[in-house]
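Subject: Structure for your review

Dear colleague,

Please find the structure below.

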Amino acid sequence: MDRIQRPFFPIIYVRGYAMTRAEIVETTSTPFMGLEAGSTKIRQAQDGSVVKFVFESPLVRLMKDYGYRDVYDGGAELRSGIAPRSIVIHRYYDVADHAFGDGKAPSITEAAASLGRRILELRDSVCGNNANQRRDFRVYLVAHSMGGLICRCLLQNPEVASAEARTLVDKVFTYATPHNGIDVAGINVPDLLSINDMNNFNRGNMARYLKVPRDKVNTLGDSGFPPERMFCLVGTNSRDYAVARGLSSFAVGALSDGLVRIANAWVEGAPRAFVNRSHSGYFGIVNSEEGYQNLSRFLFGDICATAQLDITALALPPEVEAARRRGRQVRSSYYIEATVAPRGAYTYQLTARTQANESAVRREYGDIFDADGNVRRDARAPVLFSVFLDSRRITAGSEVAFSIELAVCNAGYEVDGALFLKNHIPGEYLFRNTLVLFARPDGDGWRLRYVWGDDQWAGGPKTQAELDSASDRAIGISQQSPRVFTVPVSSTKGFAAELKIALSDWQ
């Protein structure tokens, strides 16, 4: 019997919504229900040529990189003697196919209940009667779209599964899950739209099967499951979602993955990253290198890094400032961009929020400063990202290194209610630079050094980041015992901020 060894627990994959009868049959006819789908794209190589980039699928990569295997043998699905490093497909749609069941699609609660039973069966198969193995056994849930709601129903609704099954869930990773429902043309999917179970994404129904108030469906409620152990990967590419010949993407609109709006794709307090991928398809979020890199680091990495930008000064252009001093009403807004990539990454980013991808953070001056220009007590300081890193992947030296492309851009100025275009330069940045960070354990804490990469070589002298005096401060995303560092950010245009970076042990 193979020994269970953290962090390599069994993985249960929970696929997303199949709307039509044809989609259900297509789903049940495949052994891995979508996880096997890869993608082949092109990229510009180091020598300037354009070459193919092949992503073999998350299933193959987990097998190649971490020694996982499926649970099929000779055409049969194993139910005993399963190894800890196994990938199991939760085939909850089988009953909806007349070839396997009664043809009736299961409800969210029914799918969650069968998932709970599958977890207990998997434990029995992996551990047998070995008490030590049973004590150490845990599972990872990896879910796409509606599959994430099934996982949350399992964790949050005590009526669908036993407490024993829930306690065996160690982490949950969701791709493009509508954690706050689906909105079409700005309106939540109505409860009455029961055709093809579309009302699964109505907030009233979600509140009932997730056991939370209707206005808090994107929370874990009283489940007790730690939000820091649920990762939300958010898609930001609405244009490449081809379902319904593009009508879904058109109806849902920009600031979405073509089906789920960015604002609806995360759980309160959970770490999240943003990738320029659509909800599904050849350009989809599941069959992407970015998705896999976030997944593998969340499951197997050992460092969590979260960043928040506390803006302390925002200067107006001289001509706008002059208008303000003359007593005219001035209103301004800004885009904040952040892209993160680990050292050694040549073809992917862990997260990217940019104007080009229609996913930049937007803030108005009044969100941060009061009428007298002082920072508000309730200033909306944006959390830029949460990423997970793996010290076992260090390619040089003894520190984990990653870069943050950070930029703050004027989104527009209004003077007396009219858009101010005189002397306006589109896309003018108040700040733009690349911060390269080097992290290493230091006793019972962390050490963090940095270089502004646009000013000097990343391999040159580095500055020691200052430890925040209130190191237990919250920065918007749940983290266990973080060590918070401050990196000063400023420009000659009068922009100033403090980048708060929280590092904590992961696992």
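How many bridges join strand β24 to strand β25? Eight bridges join β24 (residues 483–490) to β25 (residues 496–505), and the two strands run antiparallel. Within this pair, Ser 490 has Ala 496 of β25 as its bridge partner. Two strands are said to pair if DSSP finds at least two bridges between them. Strands (E, at least two residues) and helices (H or I, at least four residues) are DSSP runs, numbered from the N terminus.

Please note that this is a predicted model, in which local features need pLDDT of at least 70, side-chain atom pairs count only at pLDDT 80 or more, and totals for chains, interfaces and linings use all residues. Residues are numbered from 1 along each chain as its sequence is written, and side-chain values use heavy atoms, with hydrogens and water left out.

The antiparallel sheet

Strands β24 and β25 belong to an open sheet of five strands with antiparallel pairing, in the order β17-β13-β25-β24-β23. At its edges stand β17 (383–389) and β23 (466–467); each has a single partner strand, so one side of each is left without a neighbour in the sheet.

Four bridges link β1 (residues 11–14) with β7 (residues 139–144) in the parallel sense, and Val 14 has Ala 143 of β7 as its bridge partner.

Eleven of the eleven residues of α5 are buried, that is, under 20% relative accessible area with a 1.4 Å probe, protein chains only. Among them are Met 146, Arg 152 and Gln 156.

A pair of helices

Helix α2 (residues 58–66) packs against helix α9 (residues 289–300) at an angle of about 45°, with the axes 11 Å apart. The contact (heavy atoms within 4.5 Å) involves several residues, including Arg 61 and Tyr 66 of α2 and Glu 289 and Phe 300 of α9.

Yours sincerely

Definitions and conventions:
Axes are lines fitted to C-alpha atoms, for helices over the stretch in contact, and angles run from 0 to 180 degrees between N-to-C directions. Buried means under 20% relative accessible area, exposed over 50%, partly exposed in between (1.4 Å probe, protein chains only).
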